[in-house]
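Subject: Structure for your review

Dear colleague,

Please find the structure below, together with its sequence.

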Amino acid sequence: MFLLLLLAVSVVTLAFAQEEPMMPPAPPDMPVEMAPPVPVGLPSEAVPAPQVEQVTIMGTIVDNMCGSTNKATLEEFIKTHTKECALMSDCAASGYSIYADDKLMAFDKESSAKIEEFLKNPASKLQVIVEANKQGEELSLISIKNQE
């Protein structure tokens with residue numbers, strides 16, 4: 001029985017001793033090098049950038065402030081939303097989106113500035129056809145014109 005206990009203690013001691021091998025200390029005049037940290041997750045090169053897709057959308061321009069305020073009833077709201085409202089300073093400052101196919105798609109800041117200039121033209125309408133580059137969920141305006 002005593003031999004079995006001694007054997008069990010020896011096996012456990014060897015198991016722990018083998019988990020981390022001991023390295024001899026470096027001589028005092030030799031610099032100790034540390035291993036570089038191991039990165040966690042994927043390297044940034046391995047994460048693909050969102051694809052850019054050119055799209056043509058026929059829909060209705062709405063400012064982001066009115067769009068978010070009326071999100072629950074947006075389809076009904078855009079029927080009564082006016083260009084004058086979309087050009088009010090707070091509305092224009094919020095940026096613009098286009099509502100099409102029961103979906104609201106936002107334009108980037110530069111595109112919103114171009115849309116504001118388009119809407120300032122007396123002949124322009126909120127019902128438009130846009131060509132844009134779509135990257136992720138954001139649109140970058142290429143061209144805009146009234147629906148015919």
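Two strands are said to pair if DSSP finds at least two bridges between them. In this predicted model, strand S4 (residues 127-135) and strand S5 (residues 138-146) pair over eight bridges in the antiparallel sense. Within that pairing, Ala 132 stands opposite Leu 141 in S5.

These two strands belong to a barrel that five strands close in the order S1-S2-S3-S5-S4, with mixed pairing. From one strand to the next, the twist averages 50 degrees. Helix H6 (residues 109-120) lies across strands S1, S2, S3, S4 and S5, and runs at about 15 degrees to S5.

Strand S2 (96-100) is mostly covered, as five of its five residues are buried. Tyr 96, Ile 98 and Ala 100 point one way from S2, while Ser 97 and Tyr 99 point the other way. S2 runs antiparallel to S1, to which four bridges join it, and Ile 61 stands opposite Ile 98 in S2. Four bridges also join S2 to S3, again antiparallel; here Tyr 99 stands opposite Leu 104 in S3. S2 and S3 form a hairpin with two residues between them, and Asp 101 in the turn has a positive phi of about 55 degrees.

Finally, a search of the whole structure finds zero disulfides. The sulfur of Cys 66 lies 3.5 Å from the closest cysteine sulfur, that of Cys 85, which is too far for a bond, because a disulfide requires sulfur atoms within 2.5 Å. Cys 66 is buried, with a relative accessible area of 10%.

Conventions
Residues numbered from 1 in each chain as written. Predicted model: local features only at pLDDT ≥ 70, side-chain atom pairs only at ≥ 80, totals over all residues. Heavy atoms only, no water. Axes fitted to C-alpha atoms, helices over the stretch in contact; angles between N-to-C directions. Contact = heavy atoms within 4.5 Å. Buried < 20%, exposed > 50% of the residue type's maximum accessible area, 1.4 Å probe, protein only.
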